[in-house]
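Morning, everyone. I have one structure to walk you through, and I'll keep it short. Please have a look at it first.

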Amino acid sequence: MSPKKIVLRFGPDISEEPIIYRLVKDYDLLINIVKANVNPQKEGTMVLDLTGDQIEGGMNYLREKGVQVQALSQEIVRDEDRCTMCGACTAICPTGALFMERPAMEVYFDGDKCVVCQLCLKICPVRAMEVRL
Amino acid sequence: MLRSYSEINAKIKSGQAVVMSADEFISMVEEKGLSAAAKTVDVVTTGTFAPMCSSGAFLNFGHSSPRIRMQKVWLNGVPAYAGIAAVDAYIGATELPEDDPLNSNYPGEFRYGGGHVLEDLVSHRPVTLKAISYGTDCYPRKSIETAITIDDINEATLFNPRNAYQNYNCAVNLSNRTIYTYMGMLKPNLGNAHYSTSGQLSPLLKDPHFKTIGIGTRIFLGGGTGYVAWHGTQHFPSIQESDGKSLGPAGGTLAVIGDLKQMSPRWIKGVSFTGYGASLAVGIGIPIPLLSEEIALYAAASDRDLYAPVVDYSDAYPGRKPGCLTHVSYADLKSGKITVQGKEITTAPLSGYPKAREIAAILKERISSGSFLLTEPVQLLPSPADGRAGNVLKG
């Protein structure tokens, strides 16, 4: 069975809960943490490879905890012509994939840091961020 | 008095004018001192590229055969105001299609509105014009649906009643839920801070007492040439001196006008604010003639000298409660972090600084090359000394 890649987004209220432990212990999942950005009292993101029979149960547990769960089968791209480098995305992007280089104040996108949370799609005023399947 | 408009224009025509963008001028003043820099430089150029509500265009579609007196008009499904004349309409930046889901599925996306129609027009893309009427003896036709482009119609005049805010709030959120505003998405408990001026490049921050910018000032507008038509709506310039700092609220604004047909989609862009609505990003650049050392002093103000008020958009702004949490300098805002109520907050702009710099550079090039002469205003705009202030709407 091939592993399932998922993206988790969670608020500061659950950043200190042992959710990975629960996935292993209660749902018998084999977990590979591909990326993680977890800090106490801050919103966090995680990309996981999950293998096991109870993936659905584990994902339901996460959703009950208030974690947003999405399948990672997509990547985000930036339409360079459309982007005005305003910077509105840079304080929203949870992983720093969209960032500002100072003092030039130019906006860059590092796809390697992106966890496809898709927040930037809603936030970009000129809709320069797109999902590629 | 260092120089007059006519002396500056004579120098521009002979290719002798010394023109600098505001950021270059700031560096020169730091290096050589104000007096020497003011003597050397004739014109300082400014720039801003940001979402600017209170924008739109007057369109004259031309007459069909047979004629129609358009009573209601839609452009790509977005209503335009047609109560002007038979085939004249005004398409406003924040107008939305009647079938837009708005905020019914909160936060709404507002993917297409009047600002996007303006961008489609300026991009020379076909736009569907639909109009209905009741029919008259001289205008018998009752409906029309056709594709237009900006090249097909008689006039497309951008007329923005309020643009180029002198200064603007730095928006934060003190509540415990995410809010969606025209200042972007604001995360709970001071999760982020958004601001929207180009700071030391911002046109009206460089002429805070309106000593040069007035009715008839020729400007860079949306990539073409435009003019200051009037003071903008909600033009309330005011400066408060505090601890040796000049602090201003949102301040002055401009009403600007120009031929949309000359403009470029690079500088006229439809924007969508999730949970709020649609608008238009407009590029504006204004030349400041250094007529006197005092004008040069204001033009030399740097990000360290300019301050934005920090305002809570969860309660104080919607409730129209006066005052602000604190003031922060644009140098601090641009550093990426500010401290409010003891908490360090990540900052981000909605106004693109690289684009503002590009506009100031384009304007500099146009003036240096002799293709853009300065105009002396027919009348200056109200200044902070005039004490204009906003009225509260009762109800």
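Let's start in chain A: helices α1(A) and α2(A) cross in the right-handed sense. Keep in mind that this is a predicted model. α1(A) covers residues 19-27, and α2(A) covers residues 55-64. They pack at an angle of about 145°. Their axes lie 10 Å apart.

Which residues meet there? From α1(A), we have I19(A), R22(A), L23(A) and Y27(A). Facing them from α2(A) are G57(A), G58(A), Y61(A) and L62(A). By type, this contact has 5 nonpolar residues, 2 polar and 1 charged.

Now over to chain B. Here 3 strands make an open sheet, in the order β1-β2-β23. The pairing is mixed.

Take β1(B) and β2(B), residues 43-45. They pair in the parallel sense over 3 bridges. V19(B) stands opposite V43(B) in β2(B). A helix packs on this sheet too: α2(B), residues 22-32. α2(B) touches both β1(B) and β2(B). Its direction makes about 100° with that of β1(B).

Last, confidence. Chain B has a mean pLDDT of 97, and 100% of its residues reach 70 or more. For the complex, the predictor gives an ipTM of 0.93 and a pTM of 0.90.

Methods: Residues numbered from 1 in each chain as written. Chains lettered and ligands numbered in written order. Predicted model: local features only at pLDDT ≥ 70, side-chain atom pairs only at ≥ 80, totals over all residues. pLDDT = per-residue confidence, 0-100. Pairing = 2+ DSSP bridges. Helix = DSSP H or I, 4+ residues; strand = E, 2+ residues; numbered from the N terminus. Contact = placed C-beta atoms within 7 Å. Axes fitted to C-alpha atoms, helices over the stretch in contact; angles between N-to-C directions. Left-handed = near helix turned anticlockwise from the far one by under 90°. Nonpolar A, V, L, I, M, F, W, Y, C, P; charged D, E, K, R; others polar.
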